Amino acid sequence: MYARGIQSVWEDKMRNRMSNRMVIAIVIYMMVQAVVFGIGVVLVLATPLANIAMMLMPFVVAATLVASAPIAWWLAPLARAAHERKLNAQEPGRSTDDQPGRGYHAN
């Protein structure tokens, strides 16, 4: 265990704990939250709700924190599929099954 080094032991533990979907969702979460927050702010400020915008902004922030997580979770496989399509276009005939250690299906 110690012959491989602490870094590789840590990588093995993290690989077992988090799925690729979770990692991708975490990476895109803040981008999704920024877009959802922008939509929420525009909806509050561009409607008659602008009169009470200062009271509504904390609710907009809380709603975007909660709503962004399932949206990011839904988008994660789509991002992974787009990446796989890009790799397959660059290397025709590439399969993750016959190339261990490469791709998203590696053990």
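Modeller: Let's start with Gln 33, which counts as buried because its relative accessibility is 12%. Buried means under 20% relative accessible area, exposed means over 50%, and partly exposed is in between (1.4 Å probe, protein chains only). Before going on, a word on what you're looking at: this is a predicted model, where local features need pLDDT of at least 70 and side-chain atom pairs count only at pLDDT 80 or more, while totals for chains, interfaces and linings use all residues. Residues are numbered from 1 along each chain as its sequence is written, and side-chain values use heavy atoms, with hydrogens and water left out.

Gln 33 belongs to helix α2, so that's our part. Helices (H or I, at least four residues) and strands (E, at least two) are DSSP runs, numbered from the N terminus. The protein has three helices and zero strands, and along the sequence that reads α-α-α.

How long is α2? This helix has 26 residues and spans 38 Å from its first C-alpha to its last, close to the 38 Å expected at 1.5 Å a residue. The expected span is 1.5 Å times one less than the number of residues. There's also a kink of about 40 degrees in α2, centred on Ile 28. The bend at a residue is the angle between axes fitted to the seven residues ending there and the seven starting there.

Ile 28 is also one of the buried residues of α2, along with others including Ala 25, Tyr 29, Val 32 and Gln 33. For the whole protein, 21% of the 107 residues count as buried.

Now, what does Gln 33 touch? Leaving aside neighbours within four places in sequence, Gln 33 is in contact (heavy atoms within 4.5 Å) with Thr 64, Leu 65 and Ser 68. Take Ser 68: this residue is in helix α3 and counts as buried, because its relative accessibility is 0%. Setting aside residues up to four places away in sequence, Ser 68 touches Tyr 29, Val 32, Gln 33 and Val 36.

Further along α2 you'll find Phe 37. Phe 37 is partly exposed because its relative accessibility is 33%. With neighbours within four places in sequence left out, Phe 37 contacts Val 60, Val 61 and Thr 64. Phe 37 and Leu 65 are 28 residues apart in sequence, yet 8.6 Å apart C-alpha to C-alpha. Val 61 sits in helix α3 and is partly exposed too, because its relative accessibility is 36%.

Phe 37, Val 61, Leu 65 and Val 66 form a nonpolar surface patch with about 330 Å² of accessible area together. Patches use residues with over 30% relative accessible area and no salt bridge, joining like charges within 9 Å and nonpolar side chains (Val, Leu, Ile, Met, Phe, Trp, Tyr) within 5 Å. A salt bridge is a side-chain nitrogen of Lys or Arg within 4 Å of a carboxyl oxygen of Asp or Glu. Accessible areas come from the Shrake-Rupley method with a 1.4 Å probe, and for residues only the protein chains shown count as cover. Helix α3 (residues 53–90) gives the most to this patch, with three residues.

Last stop: Met 22, also in helix α2 (residues 20–45). Met 22 is partly exposed, because its relative accessible area is 34%.
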